[in-house]
Amino acid sequence: MDRNAKIFVTGHRGMVGSAIVRRLQAAGYDRLLTRGREDLDLLDQRAVHAFLAHEKPDYVFIAAAKVGGIQANDQQRADFLYQNLLIEANLIHGAHLAGVQRLMFLGSSCIYPRDCPQPIKEEYLLTGPLEQTNEPYAIAKIAGIKLCESYNRQYARQYVSVMPTNLYGPNDNYDLLSSHVLPALIRKAHEAKLRGDAEYVVWGSGTPRREFLYVDDLADACVHLMERGYDGPLVNVGTGEDVTIRELAETVMDVVGFRGRVVYDRSKPDGTPRKLLDVSRLAALGWKARTPLREGMRRAYESAPFHSPVANP
Ligand code: GDP
């Protein structure tokens with residue numbers, strides 16, 4: 001990627017998009033193009049196509065999406081399917097019409113079949129039924145992967161799809177109803193500590209296993225792949241290691257400094273039992289994750305909107 005390239009990062013206020021912008025700026029890319037929702041509605045096909053035709057970026061990163069945790073995915077099923085289909089269709093087709101040759105589409109590890117062998121290899125895509133709680137989101141993301149693949153086959157574009165595992169870090173969503181597990185637990189443990197509670201509530205049974213990647217590591221992987229000119233099929237981005245929700249809940253307590261105990265609310269869904277990514281394709285491309293979970297958690301906690309660090313005496 002040329003330092004003078006014009007790069008359009010969508011979703012730049014979100015956790016992933018803002019991390020990609022930080023990473024590109026740090027590397028000296030200074031022709032970054034971003035637009036807030038008030039200036040460019042990604043659900044509006046005409047506006048998106050006109051914008052891309054006018055700006056003609058060299059590269060596009062699609063980090064814009066409607067995202068959320070297990071409950072939001074399960075309850076707003078129509079919104080997750082409809083909005084994600086429109087965002088990716090408008091951007092991918094619009095990029096193609098504007099002559100954009102290189103594009104990166106960000107997906108999620110929930111696109112893989114619920115009960116596939118672990119760790120999950122890229123070739124397991126579409127080999128079995130999906131997890132029900134996030135099926136609409138997964139279907140939209142699978143459609144995005146197939147759009148990229150199809151523009152490559154039919155029009156010789158280089159549109160790549162990157163599938164990150166569960167992400168966390170600065171600019172995460174800490175709303176307890178719609179967030180993912182890690183930010184939710186950081187907030188719950190923090191509030192329990194402030195209130196002096198004896199316990200904090202974790203959803204489900206505590207037995208599901210999840211893999212967590214610090215978002216700046218993901219951004220680094222994305223830029224690494226673009227810089228290398230990777231134009232292969234989809235690629236997983238993860239750490240290659242997972243933990244149980246129980247272990248996660250205990251580490252969060254430790255990092256936040258809450259000394260209570262965990263109680264499990266089994267009326268909430270567990271979701272898929274395990275989704276650990278096989279990261280050997282990415283390793284062969286010369287990249288591996290750097291931030292250990294505890295360190296990433298510490299940084300995420302420090303940057304959380306509700307966290308005011310203790311003033312120095
Ligand atoms: P998933 O990876 O798509 O299932 O999404 P989540 O990150 O929302 O949930 C991961 C796992 O953490 C599920 O088994 C949840 O039941 C569990 N979990 C435990 N406590 C919480 C919580 O407070 N919020 C969320 N979102 N998940 C929780």
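Colleague: Is Y174 buried or exposed?
Modeller: Y174 counts as buried, because its relative accessibility is 7% (buried is under 20% relative accessible area, exposed over 50%, partly exposed in between, with a 1.4 Å probe and protein chains only). Keep in mind that this is a predicted model, where local features need pLDDT of at least 70, side-chain atom pairs count only at pLDDT 80 or more, and totals for chains, interfaces and linings use all residues. Residues are numbered from 1 along each chain as its sequence is written, and side-chain values use heavy atoms, with hydrogens and water left out.

Colleague: OK, rings next. How many aromatic pairs are there?
Modeller: Seven aromatic pairs, where rings of Phe, Tyr and Trp (its six-membered ring) pair if their centres lie within 6.5 Å; planes under 30 degrees apart are stacked, over 60 edge-to-face, the rest tilted. One of them is Y151 with Y159, tilted at 35 degrees between the planes and 6.4 Å centre to centre. Y151 and Y159 are both buried.

Colleague: And why is the pair of Y174 and F306 edge-to-face?
Modeller: Because their planes are at 85 degrees, with the ring centres 5.2 Å apart.

Colleague: How exposed is F306?
Modeller: F306 is partly exposed, at 23% relative accessible area.

Colleague: Which residues form an aromatic cluster?
Modeller: Y151, Y155 and Y159 form one.

Colleague: Switching to charges: what sits over the ring of Y29?
Modeller: The charged end of R3, 4.4 Å from the ring centre (the rule wants NZ of Lys or CZ of Arg within 6 Å of the ring centre and within 35 degrees of the ring normal).

Colleague: And what lies over the face of W203?
Modeller: That's K268, at 4.9 Å from the ring centre.
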